[in-house]
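Biologist: Please put the model on the screen. I'd like to go through a few parts of it.

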Amino acid sequence: MLLHLGAVKGGLGALMLRRVCLLSRHAHSYSQSVEHQPIKKVMVANRGEIAIRVFRACTELGIRTVAVYSEQDTGQMHRQKADEAYLIGKGLPPVSAYLHIPDIIRVAKENNVDAIHPGYGFLSERSDFAQACADAGVRFIGPSPEVVRKMGDKVEARALAIQAGVPVVPGTDGPITSLKEAEDFAKTYDFPIIFKAAYGGGGRGMRVVRNYEVRSHSWGPSCTRLDVGYENAGTVEFLVDKNGKHYFIEVNSRLQVEHTVTEEITDVDLVHAQLRICEGRSLPELGLKQDKIRINGSAIQCRVTTEDPARGFQPDTGRLEVFRSGEGMGIRLDSASAFQGALISPHYDSLLVKVISSGKDLPTAATKMNRALAEFRIRGVKTNIPFLQNVLSNHQFLYGTVDTQFIDENADLFHLKPVQNRAQKLLHYLGHLMVNGPATPIPVKAKPSDTDPVIPTVPIGEPPLGFRDVLLKEGPEGFARAVRQHKGLLLMDTTFRDAHQSLLATRVRTHDLKKIAPFVAHNFNNLFSLENWGGATFDVAMRFLWECPWRRLQELRALMPNVPFQMLLRGANAVGYTNYPDNAVFKFCEVAKENGMDVFRVFDSLNYLPNMLLGMEAAGSAGGVVEAAISYTGDVSDPMRQKYSLEYYTQLAEELVKAGTHILAIKDMAGLLKPEASKILIGTLRDRFPEVPIHVHTHDTAGAGVAAMLACAEAGADIIDVAVDSMAGMTSQPSMGAVVACTKGTELDTGISLEKVFDYSEYWEVARGLYAPFDCTATMKSGNADVYENEIPGGQYTNLHFQAHSMGLGNKFKEVKKAYAEANKILGDLIKVTPSSKIVGDLAQFMVQNSLTREKVEERADELSFPLSVVEFLQGHIGIPHGGFPEAFRSKVLKSLPRIEGRPGASLPPMDFQALESGLKAAHGSDITTEDVMSAAMYPKVFQEFKEFTATFGPVDCLNTRLFLEGPKIAEEFQVELEKGKTLHIKALALGDLNKAGQREVFFELNGQLRSVLVKDTQAMKEMHFHPKALKDVIGQVVKQGQKVEKGQPLCVLSAMKMETVVNSPMDGIIVKLHVNPDSTLEGDDLIMEITAEQ
């Protein structure tokens, strides 16, 4: 008898499972092994890892091998490892094939098989299979049929143990047949009790009447041999109590799954021994005497399976896109079909590979195992490796004190470290681009430039001190004093935000901002601030660039520690387009300040004072510099335009200064400030507030931006906004270089080197070419002075251009601009800045699209399906406009819809951040940060989609911009730096043909190794028929075919860019046909649905 001794040599737990390996051959053998009969050919009636394990032992002994396989296993490795392989169970279900005894015996007889090894599982403990082998004259590598039967009957095995004097757990003498018998037993012995199937069940046949059952593998001392004529290998299982007493459970009359542990610590090849015993050899002949068996150190076996511990070890299936195993000293691998490209079937055991580590003691073996598991790279399916690593790091496990409640009492075992899988995810993203084109909407058909910008030379060392150092030392009030006392004109650079929002649809990526950031820190340290965050950049980062806006802020802050950062805060709307609870705005500002934000430009799209005051209070309480911004419209130099007069702006400024703003700003978002108006407005404000710094923002749409800003400076403005030359002009800000040059040598000298401006501009001139698909110059070749008439804000001017093209109105942009002016009048002449500007723009495009004049809109207001933004504005969702709403129009549109009085967010209940965080962690894992919570608070749906995207495609922000937008060309080689010291070398090799599942295989070389990914061809999928998948959180269809509808009832929502339009039913009737699905792409005049009047 050979003891199965292993890793843990003792236990302090209340109850522990121990297994003892039994290897026996004695005088009472049955006839097949009385004399030595060499085996020449062995069949393994099994699959996977155990079949390969036996084949290897046979090959080492010079024995020919035969595999059997089911129809589902044609690609499995065990079939290839054998000398011969034959199909069994044709037409049968997957498991049934390996249980079909007649077929297995037939193959054995037809191919002159001498002996059959059953492995474990399937037929390994079936006495009828052992008997069938004997009847066919084929040796069964295991105990005799009678012994298999006795050991398989757990009741009889228990009786034999009692007869042999082996301690057993108290239990019934035979199978119970009624509930009363169970109740009587429980009364006698108390709980817990175990119900166990009389004929076993592989662990699944045991049920504990109490809420635990965990089987912890531990190996113990010898037991009395059961005198049943046992021959060959087997395993005796015991329970061990806290006093070290052993209680017999059962015998497994086969090779155990964990036999590798015994082999490693005893240097005995159990399969070799099984084969030799089957040939008729005795244990002494094999050198296996009990007193000669020595235990050498400890060993651990880990079954690496395709099971997800986070989902109750639910098996995962799919294709192994990557498989790289851990190896090295002290590691043994017994694999199944683990290789790149392997398909993991749902039909069989989820084992990929058994990893066995050995060392001088348990901690050493555990260290080796941990290291080996960390080396594994398995991609394409979930595995249990993170769970195994947690077990191997658990002190209770390492000190051998585990018991049957080990897992229940260690919930931290399920705190799983997420697998990064960055390289393979990036290959998926690149493959998706190669198959389906850009992952972000492209407004125009233009290719990104192949040329990357050259980064100007940056001095070594820390950048010089800047205005941020003043802020950190003196605080917001001291900072404001220093600005007011500064000699010369100060500049805010908008290149990092508003400039690219205006010219490049907000699409500039952190990747390109980071490259030039150190140069700016070293050469533009005397900037008042750098605008780089907030406004539209926040949601666009997640929505279209698939990057975290907070990470952008953090990374730029690290690269530019000396220049104050400035953001755009939409008052009570924070960085969103809707109302938020007050505590959400306060929390957002707090987190922004903690991440490096300094100056908060607070505005409201309607100059609605209650909204502005909330934003100012939130920014101020966070410790930020409060810059209250008055949005400018109209013309204070025109005495005929009195709604937004000089008195209006002065009174509003008075309220803001009284509220404690550190800096007063004029936000001229459409570029309407003419030089004369600039002198009047800024001169008046300077006289009225001599101690308060004044900051002016404008756009250069009409081409008069530089002149207007110089006029502001001469009238007393302390700071003006500019953009570097190659990112200036048109709908962006005035040119930095022009202002620097024009003020040089005067009292307004900026102190900025013109040569450095040129270097800075050269970088952006080339970088801008990377964003050619978004460049406004693709459709707009110049600015236009008609902005003084239509008053379209700079950023919106660009967006309207793209939006008009996307809706088929590109040739009608002139009409759109005229309609914008008319729409503004319909809505009562609004301050126009996000989101109020969007409302006017949505109405303008609605008018052009439906050929409506102002008169028609006002006349038919009660029957038209207006854009959702217009309806919500009239309800009061963004506040109350100066002068109030156009009540006649409002009443027609709203009818009986509810109206909001006062500040919209005032009535909202506080946001529960703790509940939000818990929900996010449940959905996306435990690595959710405070910043993530705020992103979800601002944009729940956008954040959800962002997390789903990054979970699928990984850190795409590390790709260069051309690769990010259009992917690599075939045969292109490139490098991707994941992090410092970790660089991927990638080559795009080929694009495969379309398969039956609508996929294409895309081939890459990654770090010198072949990799491939399967990518769904979205265009081909539209033409192929597949079982429909569930859609979640889709904006679109809200009615169904056959549904009754009433006149004015919402039917569906159409979305173009950021504009959403609710389509209302024009009549009472029934939907007889739908021509669209959620996410359908439509063009002008496309039919959406058909409605017939109800009879």
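Biologist: What order do the strands take in the open sheet of three strands?

Modeller: The order is β33-β36-β37, and the pairing is antiparallel. This is a predicted model, where local features need pLDDT of at least 70, side-chain atom pairs count only at pLDDT 80 or more, and totals for chains, interfaces and linings use all residues. Residues are numbered from 1 along each chain as its sequence is written, and side-chain values use heavy atoms, with hydrogens and water left out.

Biologist: Which strands stand at the edges?

Modeller: β33 (1044-1045) and β37 (1089-1092) do. Each has a single partner strand, so one side of each has no neighbour in the sheet. Strands here are DSSP runs of E, at least two residues, and helices are runs of H or I, at least four, numbered from the N terminus.

Biologist: How many bridges join β36 to β37?

Modeller: Four, with β36 covering residues 1069-1074. Two strands count as paired if DSSP finds at least two bridges between them. Lys-1073 stands opposite Glu-1090 in β37.

Biologist: New topic. Why is helix α18 largely enclosed?

Modeller: Seven of its eight residues (536-543) are buried, so the rest of the structure largely encloses α18. Buried means under 20% relative accessible area, exposed over 50%, and partly exposed in between (1.4 Å probe, protein chains only). Among the buried ones are Phe-538, Val-540 and Met-542.

Biologist: What do the buried residues of α18 pack against?

Modeller: The elements include β22 (529-534), α19 (549-559) and α36 (940-953). Contact means heavy atoms within 4.5 Å.

Biologist: What does UniProt say about Lys-667?

Modeller: An unreviewed UniProt entry annotates Lys-667 as "modified residue: N6-carboxylysine". Such annotations may be inferred rather than shown by experiment.

Biologist: Is Lys-667 buried or exposed?

Modeller: Lys-667 is buried, with a relative accessible area of 5%. Lys-667 belongs to strand β26 (residues 663-667). Leaving out residues up to four places away in sequence, Lys-667 touches Phe-603, Tyr-632 and His-697, among others.

Biologist: Last one: how many residues of β10 are buried?

Modeller: Ten of its ten residues, 232-241. β10 pairs with β11 (residues 246-252) in the antiparallel sense over six bridges. Leu-239 has Tyr-247 in β11 as its bridge partner.
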